[in-house]
Structure formats: structure tokens, C-alpha cells
Amino acid sequence: MMKAAFGNRFHFGVAISAAQNEGAILDDGRSASIWDNFVRRGGVIRKGGKTSPACDFYHRYKDDLLLVKALGFNSFRFSISWSRLLPDGTGKPNPAGLQFYNDLIDECLQLGITPFVTLYHWDLPANLQREGGWESPLINRWFRHFTKICARAFGDRVKHWIVLNEPAGFTSLGYMLGKHAPGKRSLEGFLKAVHHAAIAQGDGGRTLRQHVDKAVIGTTFSCSEIRPHTDKTEDIAAAARIDLFMNRLFIEPLLGKGFPEDDRGLVQKLNKQNLSWKYTDRMQFDMDFIGLQNYFPLTVKHNAFIPLINASEVKPAARKVPQTAMGWEINPSAFHRIIKRFWKYGGIKEIMITENGACFKDQLSQGRIADNERIRYFEDHLQEVLKLKKEGVRISGYFAWTLTDNFEWAEGYEARFGIVHVDFKTQLRTVKDSGYWWRDLLAG
Ligand code: NOJ
């Protein structure tokens, strides 16, 4: 594979997030995020992993950026910790928080790396959660304020912005399934969170447009091809319901299409139960790019024991197909199809793959990690990006997830996605073979 085939304006990036990398949760006036609190509950994170020290990126960002540079990436995606920048959640910024992100941005620019800033990557300030978090209509005011502060502070140098990271993820895992912070399990709360997050997408876009000259604005969605296990009608209907929640829920209001409907009236039924979930024009915004993040496709079947959605996954192991250490199916052509399907909505100016990558059981042996499966994963998915480009899909970037092994949410430190290995006791970084593979590719 040749780098040149992607075109010389292509963003080859690597992505991280504040809660997963920064650590330093008590430093310099930062307040607690919902994740700092959630991890203290027993039994919610594998092996009791905490949000600090993570990769100690707060203190080691210069070294990590040197790695980004040495491996040849031209773009770097990171997120702003809301509670570091605005410890009260609202009000005035914390000077140390401003300083940190200013330094980080300046360092990127000095190295010739384009910064991509994600406003919200799942770490709400805990004091805003106390007032209802994403379930409260106030979140939209809080989020506009936070966005405005970021835009004004960093917009002179940061042109590439991402409003939300995977809203379907944080609303369902955090507010309905209780697996992520803030650990709630309520259908009603989930519906409210969806409503407010859909508004935040539009509000975020408008606020950035207003305050940042020449901004390139996007937001990200997780996406997965959903296949019925058999061609029985009930499996097909189950797949359609999962598809609605996992793929359609947030892009359709953003594109001005309203909330998705399905022929079984599932969404209508939900709407009747909770009047707060209704499409409003504020959810629509004309993004400059759509960030798509794909890791796996899903095969699903009808399952009457699962409330509401009446569907469950048929795992890759049961189907004897290749999988990662997360139990996620590896299937590059399914990646191709789901990206194509989003493109076919129309009205999308550009797509960037803002995350793609894989977790494997890495073995560190004599200072080396021969992660051939991860190399294969990147290579095969990049091939599909090239095919999509040839077919006329405008894809202008690809970000590997992720730079260093980091705090993988409920999986704690047990799931490693990095192209650079981290020893969490010493913070020693070791470039994996996949990191060297990227270096060789990007050296052209
Ligand atoms: C998507 C999320 O944005 C990121 O935070 C997470 O680590 C990866 N998926 C892998 O699960």
C-alpha cells in the first residue's frame, strides 16, 4: 500500500481522549468528571482500573507528540476535559486548564501536526451530573457555554473541530445500560439524554461557526453493519431495530430528516411514552465533515427475553469468524458497506474515519511487541478506504485508534488498542510493530 494513493491532502491521524489518556485528575484545579466518580463504584471496571494515572498524558504530552511526529502522522485528535477547563462546569475557565490546552495545541503546530479537537468525549463534570447531566435541558446551555469558551480560546489556531464523540455510545451505555458513567439504567433518562445530545450536535456546530474563523466542523458517529442471523422475518425485524439505535438515531436528525422511524412503530411508541423526544430544527446542522468510527459489524437475532429491543447478538465465536480480544468481529468489507451506506444518505460533504483500530492480547517480549494482527487490521481497513475513495466516496482522513494503550472505559487497562505499548507502572512507552508499520507507510 502506498501513502500517495490517498492523495496529498489526506489527514493521516491518530486519536486519543482526555479521560482515557490525561490522568492528573487532581492537578491544577481540575474538578471531578463523572468517570472519576463512576470508577470508584465497586465492580464496574475490569480489575478496578481508575481514571488516573492513565497514560499521564497531562505531564507527558510533549513526549507523546514526539512519537506522533516520529511515526509520521500529520494530524492528532484529542479531546478537552470539560472539568479541567471549567471546574464549575459553567462560568470562568481555569487558567491552568487554558494553559494546558494552549501548550498542547502550540506543540502540535510547532511539530507541523494538525490538531483535531473533540469537545465532548464522555467526561462530563460531576457537578453538572448532580444537576441532571445529559437528562437535564440545562445541558444545552452548559454545552453552548463550554463550546464558546473553547472556540474563543483555541479557535485562532484550531480549525478542525468535532462536536460530540459517539452520542449513541454515551447515551445508551451511560443512561440506559449502566455500563458507563454515570451508570444510570432508565429508559426515560436515556430518551432525554438522546434528545439533548441531538440538540447539542446542532448547537455545537452553530456556536463554532459563529466564533471560529474558517472552522472545519464535524461530529462523530459510531457505525456498524447489522446483519440478521437468518432470513426469518423476525430476525430481519430485530436487525432493523438494532440498526435504528446503533446507526440511524443521531445522523438522521442532524441531516434534518427527523428521528428515524421503523415500520413496527418502536420509536413512535417511545415518543408517546416520553414527550421529550421529538425532532426540532435545532438538531439540524450542515457539518463540514462527518466523522465515522467503526470497529465491527454485528449479527443479531430475535430474542423475546430482551426488553423493548427484543434482539440479541450472535457472537463471532459462535459463528466461527475472526474476532479481536474484545470479541468484536473483524470484517473489513462490512466496514466498507457501512461507510458507503452513510455516504448514500446524501448531504454529507466529507467523511473522515475518526476512529478505527483493534485490541489484541499483546505480548511484550524482549522489548518488542509483534502485533501482526493489528497491522493486518489497519492494512485491510485502509485498503477499503482506498476502494471507497475510488468509488467516489469523499473520505479525507483516517485516524488510528489509538496512540498509546489507555483507559478503555469499563474494560479498564485490560484492553489494549495502542500502536504504542504502555507499562502502566512505569509509564514506559514501547512502539509496537504496528507503530513501526505506520511509520513505514507514512514515510512513503
Ligand atoms: C470508541 C470510543 O470513542 C473510544 O473512546 C474507545 O476507546 C474506542 N471506541 C474503543 O472501544
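Q: Which residues does Thr299 touch, not counting residues up to four places away in sequence?
A: Contact here means heavy atoms within 4.5 Å. By that rule Thr299 touches Arg227, Pro228, His229, Ser312, Glu313, Val314, Arg319 and Glu329. Before we go on: this is a predicted model, where local features need pLDDT of at least 70 and side-chain atom pairs count only at pLDDT 80 or more, while totals for chains, interfaces and linings use all residues. Residues are numbered from 1 along each chain as its sequence is written, and side-chain values use heavy atoms, with hydrogens and water left out.

Q: Where is the place of Thr299, and is Thr299 buried or exposed?
A: Thr299 belongs to strand S8, residues 298–302 (helices, H or I with at least four residues, and strands, E with at least two, are DSSP runs numbered from the N terminus). Its relative accessible area is 5%, so Thr299 is buried (buried is under 20% relative accessible area, exposed over 50%, partly exposed in between, with a 1.4 Å probe and protein chains only).

Q: With which side chain does the side chain of Thr299 make a polar contact?
A: The partner is the side chain of Arg227, at 3.1 Å. A polar contact is a pair of N or O atoms within 3.5 Å; within protein, one must be able to donate a hydrogen and the other to accept it, and residues adjacent in sequence count only if both atoms are side-chain atoms.

Q: Let's turn to strands. Why is strand S1 described as largely enclosed by the rest of the structure?
A: Because 5 of the 5 residues of S1 (residues 11–15) are buried. In a regular strand the side chains alternate between the two faces of the sheet. Here both faces of S1 are covered: Phe12 and Val14 are buried on one side, and His11, Gly13 and Ala15 are buried on the other.

Q: Which strands do bridges join to S1?
A: Two strands pair if DSSP finds at least two bridges between them. S1 and strand S13 (residues 395–401) run parallel and are joined by 5 bridges, with Val14 opposite Ala400 in S13. Strand S2 (residues 75–79) is also parallel to S1, through 3 bridges; Gly13 has Ser75 of S2 as its bridge partner.

Q: How many residues of strand S4 are buried?
A: 5 of the 5 residues of S4 (residues 160–164) are buried, so S4 too is largely enclosed by the rest of the structure. S4 pairs with strand S3 (residues 114–120) in the parallel sense over 4 bridges, Leu164 in S4 being the bridge partner of Tyr120. Strand S5 (residues 216–222) runs parallel to S4 as well, joined by 3 bridges, and Trp161 stands opposite Ile217 in S5.

Q: Where is the place of Asn165, and which residues is Asn165 in contact with?
A: Asn165 sits in the loop between S4 and H8 and is buried, with a relative accessible area of 1%. Leaving aside neighbours within four places in sequence, Asn165 has contacts that include Arg77, Thr118, Tyr120, His121 and Glu355. Its side chain also joins that of Thr220 in a polar contact of 3.5 Å.

Q: Which element gives the most to the lining of the largest cavity?
A: That is H10, with 4 residues. Helix H8 (167–176), S5 and helix H10 (233–248) each supply at least two residues of this lining. Among the lining residues are Pro167, Phe221, Phe245, Arg248 and Ile251. The lining divides into 8 nonpolar, 2 polar and 1 charged (Ala, Val, Leu, Ile, Met, Phe, Trp, Tyr, Cys and Pro count as nonpolar, Asp, Glu, Lys and Arg as charged, and the others, Gly among them, as polar).

Q: What volume does the second largest pocket have?
A: The second largest pocket has a volume of about 250 Å³. Of its 13 lining residues, the closest to the centre are Arg9, Phe10, His11, Glu350 and Ser396. Its lining splits into 5 nonpolar, 5 polar and 3 charged.

Note on methods:
1 Å grid on protein atoms, 1.4 Å probe; cavity = no way out; pocket = protein on both sides within 12 Å on 5 of 7 lines; lining within 4 Å. Points joined across faces, edges and corners; volume = space filled by probe spheres on them.
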